Amino acid sequence: MDSKSSISLSFLLSIILALVVSINGGGISIYWGQNGNEGTLADTCASGNYKFVNLAFLCVFGNGQAPVLNLADHCDPSDGGCTSLSSEIKSCQARGVKVILSIGGGAGSYYLASAEDAKQVANYLWNNFLGGHSSSRPLGDAVLDGIDFDIEGGTSQHYDDLARYLSSYSKKGKKVYLTAAPQCPYPDAWVGGALQTGLFDYVWVQFYNNPPCEYSSGDMGSLEDAWKQWTLIQAGKIFLGLPAAPDAANNGFIPASDLTSKVLPAIKRSAKYGGVMLWSKYYDDQTGYSSSIKHSI
């Protein structure tokens, strides 16, 4: 092989390697919707900081209840005010950002009474937020990319059924991504059963408000132990869920310098590493946390 051939081959290999790294590189998932002072959805996506935006929250559903979408001061779905988000959702998706509806949350009324109840909720989500059809779509005609299970109350029953029913809609065309936000003590009390279905594409584990598995003042032990457990589950990618500011959680905040120099190098060794999830866009705006870590993700 002559020198020109070897140079061109090494150049080609370097390009292939760069592509592989970029394809497998991590991203940032952010929660948006619970503070009217966090900017628009379109601007959130235009920042270039995020690969996923979780719209928070559909906080009432199941057990025969009329579903309720709560996006704080952004808009009022009861008078059709949130349909204006349709164009913003589409602009996000045009930038390659996946927009996902988060169901549950820390405050709400949700409960799946049976497998049939789970089927009805899946049907509602499909027709009102995903690829189905309804005359009362709260976010207009935009088709969201998936559903996030942020279950923090009620019971743990039938979320595995909900996951299966939602996943089955992927056969109708556009894939329905499934994500979840379990607490870091393993297994999660609420969605542990659902995660056993192996149907979840992305799992952003909350490593905050859970002292037994958090990073603490340079001590990586507890976090690493929990991380290793989570990366063994049958799921696509695992994300490290963190507060974007000290005020965003009771505990668990990791200074950006510690995250980039100590934590990320350790957890990125796993092939299951997907990136970092942040709560929330409002707090991220206060600290610029995502901007300070995105080049290390």
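User: What does UniProt place at residues 26-297?

Analyst: The UniProt record, an unreviewed entry, places the feature "domain: GH18" at residues 26-297; such annotations may be inferred rather than shown by experiment, and their positions follow the numbering used here, with feature names shortened. The model is predicted, so local features need pLDDT of at least 70 and side-chain atom pairs count only at pLDDT 80 or more, while totals for chains, interfaces and linings use all residues. Residues are numbered from 1 along each chain as its sequence is written, and side-chain values use heavy atoms, with hydrogens and water left out. The end C-alpha atoms of residues 26-297 lie 5 Å apart, and the span is 29% helix and 21% strand. Helices (H or I, at least four residues) and strands (E, at least two) are DSSP runs, numbered from the N terminus.

User: What makes C45 and C92 a disulfide?

Analyst: A disulfide is a pair of cysteine sulfur atoms within 2.5 Å. The sulfur atoms of C45 and C92 are 2.1 Å apart, so the pair meets that limit. With 90 degrees about the S-S bond, this link is right-handed. The pair links distant parts of the chain, C45 in helix α2 and C92 in helix α3, 47 residues apart.

User: Why are C45 and C92 called buried?

Analyst: Buried means under 20% relative accessible area, exposed over 50%, and partly exposed in between (1.4 Å probe, protein chains only). C45 has 3% and C92 has 0%, so each counts as buried.

User: How many disulfides are there, and how do you know that C59 is in none of them?

Analyst: The count comes to three disulfides. C75 and C82 form one of them, with sulfur atoms 2.0 Å apart, and C184 and C213 form another, also with sulfur atoms 2.0 Å apart. The torsion about the S-S bond of C184 and C213 is about 80 degrees, so that disulfide is right-handed. C184 lies in the loop between β7 (177-180) and α6 (192-195), whereas C213 lies in the loop between β8 (202-206) and α7 (221-230).

User: Why are the buried residues of α3 said to line one face of the helix?

Analyst: In helix α3 (residues 85-94), L85, S86, E88, I89 and C92 are buried. Seen down the axis of α3, these residues fall within an arc of 165 degrees, so they line one face; the arc is that of the directions from the helix axis to the C-beta atoms. What covers them includes β1 (27-32), α2 (41-46), β2 (52-61) and β4 (98-105).

User: What makes the link between N49 and S290 a polar contact?

Analyst: A polar contact is a pair of N or O atoms within 3.5 Å; within protein, one must be able to donate a hydrogen and the other to accept it, and residues adjacent in sequence count only if both atoms are side-chain atoms. The side chains of N49 and S290 are joined at 2.9 Å, so the distance lies within the limit. N49 is found in the loop between α2 and β2, and its relative accessibility of 10% makes N49 buried.

Technical notes: Contact means heavy atoms within 4.5 Å.
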